[in-house]
Amino acid sequence: MDAHTAHAAAEPHGPPAGLMRWLTTTNHKDIGTLYLWFAAAMFLLGGVAAMLIRAELYQPGLQITHPDAFNQLTSLHGLIMIFGVIMPAFTGLANWQVPLMIGAPDMAFPRMNNLSFWLLPPAAVLLIGSAFVPGGAVGTGWTLYPPLFIQGGIGYDMAIFAIHLMGLSSILGAINIATTIVNLRAPGMRLMDMPMFIWTWLVTAFLLIAAMPVLAGAVTMLLMDRHFGTHFFDAAGGGDPVMFQHIFWFFGHPEVYILILPAFGIVSTVIPTFARKPLFGYRSMVYATVSIALLSFLVWAHHMFTVGMPAAAQLFFMYATMLIAVPTGVKVFNWVATLWRGSISFETPMLFALAFVCLFTIGGFSGLVLAMAPVDVQLHDTYYVVAHFHYVLVTGALFAIYAAVYYWLPKWTGHMYDERLARWHFWLSVISVNVLFFPMHFLGLAGMPRRIPDYALQFAAYNQIASIGGFVFGAAQILLAIVVFKAIRGGAPAPARVWEGAQGLEWTLPSPPPYHSFTTPLRMTP
């Protein structure tokens with residue numbers, strides 16, 4: 001018996017099935033599916049925390065919780081939504097789509113891909129488990145500021161370990177995605193031939209590789225302060241709590257763009273498909289993406305205008321923050337120009353993409369307001385800031401994920417989803433999310449601080465409106481679950497070219513206009 005026959009005889013019959021398939025898989029589609037289901041489970045948990053927060057704030061007084069538990073809820077909500085929902089969901093979409101879009105057989109490092117996912121469930125158990133140990137979960141907000149963080153109980157150590165595991169998962173995933181894009185493109189596909197989704201993920205991968213170790217260093221220094229007698233951030237021992245803010249936000253601001261750049265790529269894929277035009281200004285979109293990534297490392301201290309920094313530093317960070325709005329504005333202009341005189345149809349992915357463009361722009365404008373140091377000093381740590389970053393991360397990142405799920409779900413499952421239910425999901429979500437977050441601008445302008453469980457009577461009306469919007473938005477997500485499960489179980493078979501639209505037209509490639517050798521020329525097909 002030769003070596004090949006002996007090897008074949010030693011192999012088990014067929015690929016692993018059942019649980020072992022998911023534990024040992026190296027298939028990029030399976031791992032992408034695992035990431036998406038993990039993000040969905042964490043979205044449920046983070047959403048429950050959000051509902052409890054809005055239930056507490058429905059009227060003045062303490063209804064269902066006490067101040068310490070409320071602070072822990074807000075911290076867990078933030079950490080779960082950022083590290084457990086948005087980042088894993090985008091990584092799942094990258095696992096599914098990057099190899100398919102660049103003609104690669106799989107990810108560059110399939111076993112590392114498996115490891116990068118399976119680091120997440122134990123991290124989630126640690127993070128959520130921190131709420132059930134003596135002393136409770138982290139109560140400092142998701143930003144983990146000392147000195148409060150140094151004085152917390154064992155739940156804080158669990159959170160540090162969870163952040164380390166999630167950070168390691170992100171770094172491994174980013175290395176894998178970047179290597180795949182750089183080395184495994186189809187023959188003839190140059191960098192400037194890649195779809196915008198691939199470009200945004202290539203830039204995001206480098207941001208992750210550069211930024212996540214900074215967070216790991218910050219929480220390691222916190223751990224040393226807590227248990228090993230160091231005084232990095234302990235003022236009583238000669239340390240500086242403000243130094244933690246500098247280190248944290250040097251990670252934290254690139255993190256904002258880690259959370260939104262893949263959304264830009266999704267919207268740049270969906271809009272050209274349903275406008276039936278190539279993406280306007282492809283090269284300027286690429287340059288804008290790279291510019292945003294580079295500038296994101298120069299603006300971190302706009303989160304810190306109130307710490308007492310010199311006026312010269314305030315001016316630098318104010319102007320740098322305003323500058324980063326320019327490449328973001330280029331993107332919004334190009335999306336609108338792509339729509340101009342297009343043959344547009346309004347299927348659910350397009351509806352979410354259009355909502356993204358409109359509502360993310362509101363978040364961007366309120367960010368420009370907060371970029372002005374004199375204004376930010378007044379609005380810092382008020383509900384205006386909460387409104388700003390939720391317009392960026394909910395109507396921005398989350399709506400883009402919804403658009404991607406509806407856009408690619410027929411290809412993933414082989415079945416068309418229920419368009420009527422999907423539109424109900426869209427309209428309930430887009431109306432309720434504005435009822436939820438828009439009044440928070442007025443609360444912030446009136447002076448209501450964030451992260452408080454009780455408030456003065458003059459804030460009651462807007463809080464009640466916001467809570468009603470929150471409850472409707474949370475309930476609307478049940479429709480998304482129904483749509484997804486219905487598509488998985490069956491339904492109308494998806495055609496080979498899913499998005500042919502009402503006029504029977506579809507672009508073969510959304511972006512860029514291909515002048516390369518690896519695909520057929522761009523054309524409109526009857």
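On a 1 Å grid over the protein atoms alone, a cavity is a set of points where a 1.4 Å probe fits but cannot get out, and its lining residues have an atom within 4 Å of a point. Keep that in mind for the first stop. The model is predicted, so local features need pLDDT of at least 70 and side-chain atom pairs count only at pLDDT 80 or more, while totals for chains, interfaces and linings use all residues. Residues are numbered from 1 along each chain as its sequence is written, and side-chain values use heavy atoms, with hydrogens and water left out.

**Stop 1: the cavity**

Select Tyr35, Met87, Pro88, Thr91 and Ser170, which lie nearest the centre of the largest cavity, out of 18 lining residues. Elements giving two or more residues to this lining are α4 (67-102), α8 (154-183), α9 (196-227) and α10 (241-275); helices here are DSSP runs (H or I, at least four residues), numbered from the N terminus. Colour α8 next, as it gives the most, with 6 residues. The space inside is about 160 Å³, a volume being the space filled by probe spheres set on the points, which are joined across faces, edges and corners. By class, the lining has 13 nonpolar, 5 polar and no charged residues (Ala, Val, Leu, Ile, Met, Phe, Trp, Tyr, Cys and Pro count as nonpolar, Asp, Glu, Lys and Arg as charged, the others, Gly among them, as polar).

**Stop 2: α3 against α6**

Now show α3 (residues 28-56) with α6 (residues 120-129): their axes, lines fitted to C-alpha atoms over the stretch in contact, are 11 Å apart at an angle of about 10 degrees. The two are therefore roughly parallel (angles under 35 degrees). Tyr35, Phe38, Met42 and Leu45 of α3 meet Leu120, Pro121, Ala124 and Ile128 of α6, contact meaning heavy atoms within 4.5 Å. This contact has 8 nonpolar residues, with no polar and no charged ones.

**Stop 3**

Move to the loop between α6 and α7 (148-151), where proline 147 lies. The peptide bond from proline 146 to proline 147 is cis, with omega near 5 degrees. Leucine 144 is in this loop too, and its phi is positive, near 60 degrees. Most residues other than glycine have a negative phi, and most peptide bonds are trans.

Methods:
1 Å grid on protein atoms, 1.4 Å probe; cavity = no way out; pocket = protein on both sides within 12 Å on 5 of 7 lines; lining within 4 Å. Axes fitted to C-alpha atoms, helices over the stretch in contact; angles between N-to-C directions. Parallel < 35°, antiparallel > 145°, perpendicular 65-115°, else oblique.
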